[in-house]
Amino acid sequence: SSSSPPLSSSSSHPPPSHFIGKKEDIVKAGRVTKLVNGCRDVLVVWHQGQLHAMDMRCYHSGGALQYGDIEEFNGRLCIVCPWHKYKITLAEGEGLYQAVDDPTVKPLRTHWRSKGVKQRIHKITEINGDVYVTLNDSSEAVESDVYQTERYRTVLLKA
Ligand code: FES
């Protein structure tokens, strides 16, 4: 099924990069959101000396990730969705969760597991203090794609 708009019309050329802003401004703000290429709401995050870019709305229910805290879980930096606290790795967009080893053993022992890539991560490039995002146009569906459709954009902007 393809309910989301195509990210790029051609795969034979390198995908274009889109200017997001001056690095110093992004560093100062910590977070920047931008509609990229007229089709994708992207969140750019500055954290611990690194820039990251991902789909702005959480793959779970479209939560506003730009208001999420960043914390480390199992040694991996995650943005924590403010809506239902889902944890998404900044680098890969993986959904992390705590699995219970054996529910019959008390106290419960848990460990971190990955649900795989759930949030689409985009590529950041920095040239002379300017920051660009290249949309990840992999044709493989990622769950966060659902919240990039016109319908969700309109609904959530009003919410
Ligand atoms: Fe992000 Fe539910 S919308 S955790």
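A residue counts as partly exposed when its relative accessible area lies between the buried range, under 20%, and the exposed range, over 50%. Tryptophan 112, at 22%, is therefore partly exposed. The model is predicted, and it holds 3 aromatic pairs.

**Phenylalanine 19 and tyrosine 132**

- An edge-to-face aromatic pair is formed by phenylalanine 19 and tyrosine 132, with 5.7 Å centre to centre and 65° between the planes.
- This pair links distant parts of the chain, since phenylalanine 19 belongs to strand β1 (residues 17-22) and tyrosine 132 to strand β11 (residues 130-134), 113 residues apart.
- Phenylalanine 19 has a relative accessible area of 41%, so this residue is partly exposed.
- Tyrosine 132 is also partly exposed, at 22% relative accessibility.

**Phenylalanine 73 and tryptophan 112**

- The ring centres of phenylalanine 73 and tryptophan 112 are 5.1 Å apart, and the pair is tilted because the planes stand at 50°.
- Distant parts of the chain are linked here as well: phenylalanine 73 is in strand β5 (residues 69-73) and tryptophan 112 in strand β9 (residues 110-117), 39 residues apart.
- Phenylalanine 73 has 12% relative accessibility and therefore counts as buried, whereas tryptophan 112 is partly exposed.

**A lysine over a ring**

- Phenylalanine 73 has lysine 87 over its face, at 5.2 Å from the ring centre.
- The ring of phenylalanine 73 thus takes part in a tilted pair with tryptophan 112 and has lysine 87 over its face.

Methods: Residues numbered from 1 in each chain as written. Predicted model: local features only at pLDDT ≥ 70, side-chain atom pairs only at ≥ 80, totals over all residues. Heavy atoms only, no water. Phe/Tyr/Trp six-rings, centres within 6.5 Å; stacked < 30°, edge-to-face > 60°. Helix = DSSP H or I, 4+ residues; strand = E, 2+ residues; numbered from the N terminus. Buried < 20%, exposed > 50% of the residue type's maximum accessible area, 1.4 Å probe, protein only. Lys NZ or Arg CZ within 6 Å of the ring centre and 35° of its normal.
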